[in-house]
Amino acid sequence: MLKNKLWTDLFLIPASLVGIGTIIIILMIFSAFVCFLTDNCSDLSPFTAIALATGTFCSGFVCGRYRRKRGLFEGLLCGSIIYLILLAAGTLYIGFFSSLSIKKLLISAIFGAIGGVFGVNTKYPRSLYQ
């Protein structure tokens, strides 16, 4: 039985926050890399795609590891929620139609689902169980 009710009722919120935090940290590392080591800032889309894929994978992994069921579906939900958060932030910053991207949706959904499957297939986290 789970000790913490947070993972039984509101499982998408902490998993999505882990994913957003991971994306922010990776983007800060990549921005420092670009700022200090390169002179050309023209094409940064591979860096953002790597950060998005890693963040949604971590989100799905955390959700699947602590929920222990329906990893594919719940990882897909985590990836979709992260995409919606990024869409809302992009809408506020650059406009709705400019921030829509099928590539971002596919990356976040696929890597979230993969992370959920990997999370379900790992060992049980002993810290959450009595």
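How many disulfides does a search of the whole structure find? The search finds zero. This is a predicted model, in which local features need pLDDT of at least 70, side-chain atom pairs count only at pLDDT 80 or more, and totals for chains, interfaces and linings use all residues. Residues are numbered from 1 along each chain as its sequence is written, and side-chain values use heavy atoms, without hydrogens and water.

**View 1. Cysteines without a disulfide.** A disulfide is a covalent bond between the sulfur atoms of two cysteines. Here the term is used for a pair of cysteine sulfur atoms within 2.5 Å. Look at Cys-78: the closest cysteine sulfur, in Cys-63, is 3.8 Å from its own sulfur, too far for a bond. Cys-78 is buried, at 0% relative accessible area, while Cys-58 is partly exposed at 25% (buried means under 20%, exposed over 50%, partly exposed in between, with a 1.4 Å probe and protein chains only).

**View 2. A nonpolar patch on the surface.** Meet Ile-102, Leu-105, Leu-106, Ile-110, Phe-111, Ile-114 and Phe-118, which together have about 630 Å² of accessible area (Shrake-Rupley method, 1.4 Å probe, only the protein chains shown counting as cover). One member, Ile-114, is found in helix α6 (residues 102-120) (helices are DSSP runs of H or I, at least four residues, numbered from the N terminus). Ile-114 counts as partly exposed, at 34% relative accessibility.

Terms used. Patch = residues over 30% accessible without salt bridge, like charges linked within 9 Å, V, L, I, M, F, W, Y side chains within 5 Å. Salt bridge = Lys/Arg side-chain N within 4 Å of Asp/Glu carboxyl O. Helix = DSSP H or I, 4+ residues; strand = E, 2+ residues; numbered from the N terminus.
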